Amino acid sequence: MITLSSFTDRDAGVRACKPMHHLPLWRVVRPLMSITRTCISKSSRPTLLTDPETEAETDAEVNVMINQFPAPSAGAFLPDKRSFREEHRIRGYEVRPDQRATMVTMANLLQEAAGNHAVGMWGRTDEGFANLPSMKNVIFVMTRLQVRMYQYPKWGDIVGIETYFTEEGRLAFRREWKVVDIATGTIIGAATSTWVTINIDTRRLAKLPDTLRKRFLRFGPASSMHVLPPEETKKKLPDMDMPSQVQGPQQVARRSDMDMNGHINNVTYIAWALESVPEDVYHTHHLSQVEMDFKAECKAGNTVEAHCNFLVNGNGGSNGSQLQLLHLLQKCDVDAGCTELVRARTTWQPLQPQ
């Protein structure tokens with residue numbers, strides 16, 4: 001018979017292992033293995049050794065370059081409820097290699113502010129992002145957009161976007177935006193757009209009922225306040241001469257490009273059009289303005305071609321001055337041919353030496 005000495009845990013807080021006396025061998029060996037592992041694991045825990053230098057660094061105060069980043073303010077209506085304002089921080093995946101925001105980034109922020117303004121006015125719906133709850137089959141659709149950037153914000157900057165709308169004839173509305181650098185209070189961009197209401201089932205123009213129109217206009221300024229001169233926002237885009245001077249890579253509209261209204265998001269067209277900009281312009285100039293006329297809708301799976309021509313104007317040329325380009329996006333089908341989706345004009349300013 002085997003007598004097993006007792007094991008005592010070194011830690012006072014752990015119960016000592018009890019002895020086993022006069023047990024048969026087969027009753028001792030298997031429990032012994034388990035008991036030994038338990039007791040050794042509890043009594044033989046290693047002691048962590050601390051390097052004096054490391055301990056000194058731990059006790060010292062840790063300094064960082066930026067202790068706290070300012071947070072954007074919450075979106076809210078201005079006191080008269082006729083204008084909406086919200087702030088956004090420019091994120092790392094929204095900038096170019098020079099850490100400046102892109103035109104696509106700014107257009108996305110404008111769209112976000114407009115959508116939140118609409119939700120603030122009449123609440124959130126289960127479908128789309130510009131739907132009127134009391135008009136289930138009617139949505140707002142943008143037909144024209146013009147964005148002018150005086151300066152692009154950098155990664156980490158906070159921009160404030162104020163938006164409001166006014167009446168534009170009997171069948172359309174005009175939405176305006178102002179973009180402000182929060183740190184300096186400087187207006188760094190402005191944009192305007194034209195919207196109409198269409199029947200979501202027939203995809204045709206639909207007039208807004210007068211009662212709903214009056215309710216809608218109560219949220220707009222008493223008089224039209226144009227952020228860009230009307231004579232500069234109503235310029236007709238010229239016809240596109242084909243074949244074009246430059247053709248960008250062919251695009252296939254992706255399912256991830258679809259928006260909540262069931263068609264390709266308006267901002268995606270800007271990105272497609274910019275793919276047709278010649279390399280020598282893209283790398284020697286910066287985009288100061290884009291004007292878009294939306295002609296037809298596009299859905300996932302459509303094949304899209306991007307064409308570009310240089311416009312001849314008083315300031316255009318290759319002498320380091322302003323350039324203007326004309327763009328055409330069209331969806332093409334082997335059987336149905338090509339349909340114009342968007343016509344655009346972009347204005348480019350020469351890069352200034354660093």
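These legends go with close-up views of a predicted model.

**View 1. Helix α3 packs against helix α6.** Here we're looking at α3 (residues 103-122) and α6 (residues 266-274), whose axes come within 9 Å and cross at roughly 170°. With angles over 145 degrees counted as roughly antiparallel, that's the label this pair gets, so α3 and α6 run roughly antiparallel to each other. On the α3 side, the contact is made by Met 103, Val 104, Ala 107, Asn 108 and Gln 111. Asn 266, Val 267, Ile 270 and Ala 271 are the α6 side of it. Sort the contact residues by class and you get six nonpolar, three polar and no charged ones.

**View 2. Helix α6 and its cover.** Most of α6 is tucked away, with eight of its nine residues buried. The buried set includes Val 267 and Ile 270, both also part of the contact with α3. Tyr 269, Trp 272 and Leu 274 are among the buried residues too. At the start of the helix, look for Asn 265: one of its side-chain oxygens reaches to within 2.9 Å of the backbone nitrogen of Val 267.

**View 3. The disulfide of Cys 332 and Cys 338.** A search of the whole structure turns up one disulfide, and this is the pair, with sulfur atoms 2.1 Å apart. The link is right-handed, with 110° about the S-S bond. Cys 332 has 18% relative accessibility, so it counts as buried, while Cys 338, at 45%, counts as partly exposed.

**View 4. Cys 298 and Cys 308.** Cys 298 sits at 0% relative accessibility and therefore counts as buried. Cys 308 also comes out at 0%, so it's buried as well.

How values were computed: Residues numbered from 1 in each chain as written. Predicted model: local features only at pLDDT ≥ 70, side-chain atom pairs only at ≥ 80, totals over all residues. Heavy atoms only, no water. Axes fitted to C-alpha atoms, helices over the stretch in contact; angles between N-to-C directions. Helix = DSSP H or I, 4+ residues; strand = E, 2+ residues; numbered from the N terminus. Parallel < 35°, antiparallel > 145°, perpendicular 65-115°, else oblique. Contact = heavy atoms within 4.5 Å. Nonpolar A, V, L, I, M, F, W, Y, C, P; charged D, E, K, R; others polar. Buried < 20%, exposed > 50% of the residue type's maximum accessible area, 1.4 Å probe, protein only. Polar contact = N/O pair within 3.5 Å; in protein donor to acceptor, adjacent residues only side chain to side chain. Disulfide = S-S within 2.5 Å.
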